[in-house]
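Subject: Structure handover and notes

Dear colleague,

I am passing on the structure below, together with some notes on what was found in it. Please read the notes with the structure open beside them.

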Amino acid sequence: MPADVPDTHAGGLRKVARVVLLDPADRILLLHGHEPDDPADDWWFTPGGGVEGAETREQAALRELAEETGITEVELGPVLWRRRCSFPFAGRRWDQDEWYYLARTRQTVTTAQGLTELERRSVSGARWWTCRELERAHETVYPTRLAGLLRTLLDEGPPAGPVTLGTEIV
């Protein structure tokens, strides 16, 4: 989820850390987002956001997860996937370099505790999804191949190194 920070990263790319958070039943946590002024323009996405200051991507992943979900009892694993994406949101274009970290938790109750003003206007909740539910979903989910990526992760385990996903331009 974009935070209320200017896009000041080299090359115009915003450095982002996202979390593929799995519970003991291998359900994935997704947040429900929408355009701030148009709740009908909605989608589901993994928790995460922009790297701030001198923090590492790992630190950003854990901070964003805590802010957006209240979940702090996590075991952060390896980077699963990397992708570049570009999309319109809240009146501007966001160009991002996203790293997706695997994480596991037993804590399944979510409470958004540190949302930015923009996030308060554009995030409407969270839901745990099974892989089967994701595969059957008609809602928009980002990254767009998440159901297949999750199926591969659950069937084969984490990749030996981060997999580069195709660039998504919306």
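Why can strand β1 (residues 14-22) be called largely enclosed by the rest of the structure? The reason is that 8 of the 9 residues of β1 are buried, where buried means under 20% relative accessible area, exposed over 50% and partly exposed in between, with a 1.4 Å probe and protein chains only.

Before going further, please note that this is a predicted model, in which local features need pLDDT of at least 70 and side-chain atom pairs count only at pLDDT 80 or more, while totals for chains, interfaces and linings use all residues. Residues are numbered from 1 along each chain as its sequence is written, and side-chain values use heavy atoms, with hydrogens and water left out.

Helices (H or I, at least four residues) and strands (E, at least two) are DSSP runs, numbered from the N terminus. Strand β1 pairs with β6 in the parallel sense over 9 bridges, pairing being called when DSSP finds at least two bridges between two strands; V19, for instance, has Y101 of β6 as its bridge partner. With strand β4 (residues 48-50), β1 runs antiparallel and is joined by 3 bridges, and here V16 has G50 as its bridge partner.

Helix α1 (residues 57-69) has 13 residues, which at 1.5 Å a residue should span 18 Å, and its end C-alpha atoms are 18 Å apart, in agreement; the expected span is 1.5 Å times one less than the number of residues. Its buried residues include A60, A61, L65 and A66, but also R57, R63, E64 and E68, and what covers the buried residues of α1 includes β1, β2 (28-35), β4, β5, β6 and α2 (117-122). After α1 comes G70, whose phi is positive, near 75°.

In the loop between β1 and β2 lies D26, which is partly exposed, with a relative accessible area of 28%. Leaving aside residues up to four places away in sequence, D26 touches R104 and L154, contact meaning heavy atoms within 4.5 Å.

Lastly, the largest pocket is lined by 22 residues, of which W43, F87, P88, Y142 and V170 lie nearest its centre. A pocket is an open set of points on a 1 Å grid over the protein atoms alone, where a 1.4 Å probe fits, with protein on both sides within 12 Å along at least five of seven lines, and lining residues have an atom within 4 Å of a point. The largest share of this lining, 6 residues, comes from β5.

With best wishes
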